[in-house]
Amino acid sequence: MKRTVALTGAGGFIGAHLRRRIQRQADVELRVVGREDWSDRTRLASKLAGAEVVFHLAGANRAPDEEIERTNVELAERLVEALDSIGTTSGPSSVKCQPSC
């Protein structure tokens, strides 16, 4: 049975490398959360529904400090709201990934 993984920020430097790595794993179904998914809370929730793991790498990094902070906090809040709306019981956490994962 395939594990489902959701990935935000797949177009960024780290996200693109992680996306390629995940796509090489036969036992993983990858759901990429694109920019268009963030504007529609229902669509965002549907992308995350059923995912065992969510890698959240989306965010701003080239703008005035205030805009970067506002954007990144807003994205994180939307992600948590979407996860809450689908009944996800565990909260955000960090994951240490070994070369074999």
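Helices (H or I, at least four residues) and strands (E, at least two) are DSSP runs, numbered here from the N terminus. In this predicted model, local features need pLDDT of at least 70 and side-chain atom pairs count only at pLDDT 80 or more, whereas totals for chains, interfaces and linings use all residues. Residues are numbered from 1 along each chain as its sequence is written, and side-chain values use heavy atoms, with hydrogens and water left out. On these terms the protein has four helices and three strands, which follow the pattern β-α-β-α-α-β-α when read along the sequence.

**Overall burial and contacts**

- Of the 101 residues in the protein, 24% are buried, where buried means under 20% relative accessible area, exposed means over 50%, and partly exposed lies in between (1.4 Å probe, protein chains only).
- Among the contacts (heavy atoms within 4.5 Å) in the protein with a separation of 6 or more, 59% are accounted for by residues 24 or more positions apart.

- The three strands form an open sheet with the order 2-1-3 and parallel pairing, two strands being paired if DSSP finds at least two bridges between them.
- Strand 2 (28–33) and strand 3 (53–56) stand at the edges with a single partner strand each, so one side of each is left without a neighbour in the sheet.
- Neighbouring strands of this sheet are turned by 20° against each other on average, direction ignored; axes are lines fitted to C-alpha atoms, for helices over the stretch in contact, and angles run from 0 to 180 degrees between N-to-C directions.
- Strand 1 (residues 3–8) pairs with strand 2 in the parallel sense over six bridges; arginine 3 has valine 28 as its bridge partner in strand 2, and valine 5 stands opposite leucine 30 in strand 2.
- Helix 3 (residues 41–48) packs on the sheet and touches strand 1, strand 2 and strand 3, its direction making about 160° with that of strand 2.

**Strand 1 and threonine 4**

- Five of the six residues of strand 1 are buried, so strand 1 is largely enclosed by the rest of the structure.
- Threonine 4, which has its place in strand 1, is buried with a relative accessible area of 9%.
- Not counting residues up to four places away in sequence, threonine 4 touches Glu29, Arg31, Gly50, Ala51, Glu52 and Val53.

**Helix 3 against helix 4**

- Helix 3 and helix 4 (residues 65–85) pack at an angle of about 70°, with their axes 9 Å apart.
- That angle makes helix 3 roughly perpendicular to helix 4, on a scale where angles under 35 degrees count as roughly parallel, over 145 as roughly antiparallel, 65 to 115 as roughly perpendicular and the rest as oblique.
- The crossing of helix 3 and helix 4 is right-handed, a term used when the near helix is turned clockwise from the far one by less than a right angle, with anticlockwise being left-handed.
- Helix 3 contributes Arg41, Leu44, Ala45 and Leu48 to the contact, and helix 4 contributes Arg78, Leu79, Glu81, Ala82, Leu83 and Ser85.
- By class, this contact has six nonpolar, one polar and three charged residues, with Ala, Val, Leu, Ile, Met, Phe, Trp, Tyr, Cys and Pro counted as nonpolar, Asp, Glu, Lys and Arg as charged, and the others, Gly among them, as polar.

**Leucine 44**

- Leucine 44 lies in helix 3 and is buried, with a relative accessible area of 1%.
- Apart from neighbours within four places in sequence, leucine 44 is in contact with Val33, Asp37, Trp38, Arg78 and Ala82.
- Leucine 44 and glycine 34 are ten residues apart in sequence and 9.0 Å apart in space, C-alpha to C-alpha.
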